[in-house]
Amino acid sequence: MPVQEIRLFGDPVLTTPATPVTVFDKELRNLVSDLMQTMHDAPGAGLAAPQIGVSLRVFVWDVDDQEGHLINPSLDLSTEMQEGEEGCLSFPGLLYETPRSMRVVAKGFNMHGEPVVIEGSELLARCLQHETDHLDGIVFIDRLVAEERKKAMADIRNSDWFANAIDLGNTPTFKISPHTINKPGF
Ligand code: ZN
């Protein structure tokens, strides 16, 4: 399966709630495979289907040498919070202090339609929250405190990739950014 183009902020698919998966077929397994390959190619620690232009409730991750996928997720969040920088493959090169719950229990399905439960803390918990947000049409800058969000909007307006997207009326392909390799990009 081919590596897909990653959609960048400004593409309406990123702010549209995705549709639940109802058919667990070969097409779905191909989607999971495309997501995995595109995430590894970026490289990133997570990727949600809307980020490759597919508005379905599916995401993949590769965190702490463990990879996986989840379909139609629902999350139980801890009240205990964590601090840390977060990035997104749909916002190349940008990282912001993003508050998240410390622990998550994610319930959903695997690509064969079997129920699965994923428990994560710290980085995996952050990833599961970031990706589930993508499926709800929420991007990580929506989670920032007001001051940080203001800075993010200015950075986005000043970024080459956003300027290019506006000029061309479409979204350019994002390949490797030196800023995201050692930082969590989802
Ligand atoms: Zn993201």
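Numbering starts at 1 along each chain as its sequence is written, and side-chain values use heavy atoms, with hydrogens and water left out. Because the model is predicted, local features need pLDDT of at least 70, side-chain atom pairs count only at pLDDT 80 or more, and totals for chains, interfaces and linings use all residues.

**The core.** A nonpolar core is a set of buried Ala, Val, Leu, Ile, Met, Phe, Trp, Tyr and Cys residues joined through side-chain atoms within 4.5 Å. Buried means under 20% relative accessible area (1.4 Å probe, protein chains only). The largest such core has 17 residues. Leu28, Leu31, Leu35, Leu47, Val58, Val60 and Ile71 have the most contacts inside it. Two elements, α1 (26-41) and β2 (58-63), each give two or more residues to this core. Helix α1 supplies the largest share, six residues. Helices (H or I, at least four residues) and strands (E, at least two) are DSSP runs, numbered from the N terminus.

Leu35 touches Leu47, Ala48, Ala49, Ile52, Val58, Phe59 and Val60, leaving out residues up to four places away in sequence. Contact here means heavy atoms within 4.5 Å.

Five of the six residues of β2 are buried. Strands pair if DSSP finds at least two bridges between them.

| Pair | Sense | Bridges |
|---|---|---|
| β1 (residues 46-48) and β2 | antiparallel | three bridges |
| β2 and β3 (residues 66-77) | antiparallel | six bridges |

Ala48 stands opposite Phe59 in β2. Val60 has His69 in β3 as its bridge partner. Two residues separate β2 and β3 in a hairpin, and Asp64 in the turn has a positive phi of about 50 degrees.

Note on methods:
Buried < 20%, exposed > 50% of the residue type's maximum accessible area, 1.4 Å probe, protein only.
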